[in-house]
Amino acid sequence: HSEILQENIENKLHVPAGQRIKLTLQDGTTVWLNSHTTLTYPAIFDKKERRVAIDGEAFFIVAQDKHKPFIVSSQGIETKVLGTQFNICAYKEDAATSVVLVEGKVEVETTNKKKVVLFPNQLMSVDDKGPNIKEVDVFEYICWKDNIMLLNARTAGNVFDRLSRHYGRRIVCDSQLGNIPVSGKLDLREKLEDVVNILCQSLYLTYSVNENKDIIISKK
């Protein structure tokens, strides 16, 4: 009887900016939640399916259960799995939502009810134009959980946005400077100023910190 009551209890876990959390769900699924992410999940999964919702970014290692699919709702798309490893990036403020599959197989249903099956090393991004699939190096998309940022021809603007979210501090960068391509690897266990300093040196930029602790990027 108590289990029936608990099935209706929704837990909501919010990770503040600048932090990351790892947790294990009731079925044994492990979830890493990135900075500024909210996970909604039941105290006890119901009999037919295991359903959670995400706003932000999360990496899942889903416990096998052939009879109970694991479903993640995120910004209008649904990702359905039986047992697998994958990353979802679905922040409300981003133009696109992405699913990257590391291991296993997932079925993604987009807003217009179109279903797409993903295989390992594939990334599916969904924006206003619809879904787009490409082969990727999955490590680039999941290494945030190990406090590493791997950059493969990203734009500086994208990198500064991700650093801002990761550390929970504002970074202001002129849009012209934001288009500079960047490749390399950043250790996110370092202080933000140290990471920004390394980036600026490689891009011939400079930075300053204002009274609000915002980081301002400019040309040297």
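This is a predicted model: local features need pLDDT of at least 70, side-chain atom pairs count only at pLDDT 80 or more; totals for chains, interfaces and linings use all residues.
Student: Which side chain makes a polar contact of 2.9 Å with Glu 57?
Tutor: Glu 57 lies in strand β5, residues 50-61. Among the residues that Glu 57 touches are Trp 32, Tyr 91, Tyr 141 and Asn 87. The side chain joined to that of Glu 57 by the 2.9 Å polar contact is Asn 87.

Student: How far away is the nearest side chain of opposite charge to Glu 57?
Tutor: Glu 57 is buried, and that nearest side chain belongs to Arg 165. A salt bridge needs a nitrogen of Lys or Arg within 4 Å of a carboxyl oxygen. Glu 57 has no salt bridge, and the distance to Arg 165 is 5.9 Å.

Student: How many residues of α3 are buried?
Tutor: Helix α3 covers residues 156-167 and reaches 16 Å from first C-alpha to last, close to the 16 Å expected. Its buried residues include Val 159, Phe 160, Leu 163 and Arg 165. They pack against elements including β14, β16 and α5. Of the 12 residues in α3, the number buried is nine.

Student: Which residue follows α3?
Tutor: The residue in question has a positive phi, near 70°. It is Gly 168.

Student: How far apart in space are Asn 147 and Thr 30, C-alpha to C-alpha?
Tutor: Asn 147 sits in the loop between α2 and β14. Its contacts beyond four places in sequence include Arg 20, His 166 and Asp 187. Asn 147 and Thr 30 are 117 residues apart in sequence, and their C-alpha separation is 17 Å.

Terms used. Residues are numbered from 1 along each chain as its sequence is written. Side-chain values use heavy atoms; hydrogens and water are left out. Helices (H or I, at least four residues) and strands (E, at least two) are DSSP runs, numbered from the N terminus. Buried means under 20% relative accessible area, exposed over 50%, partly exposed in between (1.4 Å probe, protein chains only). Lys and Arg count as positive and Asp and Glu as negative; His and the chain ends are not counted. A polar contact is a pair of N or O atoms within 3.5 Å; within protein, one must be able to donate a hydrogen and the other to accept it, and residues adjacent in sequence count only if both atoms are side-chain atoms. Contact means heavy atoms within 4.5 Å. The expected span of a helix is 1.5 Å times one less than its number of residues.
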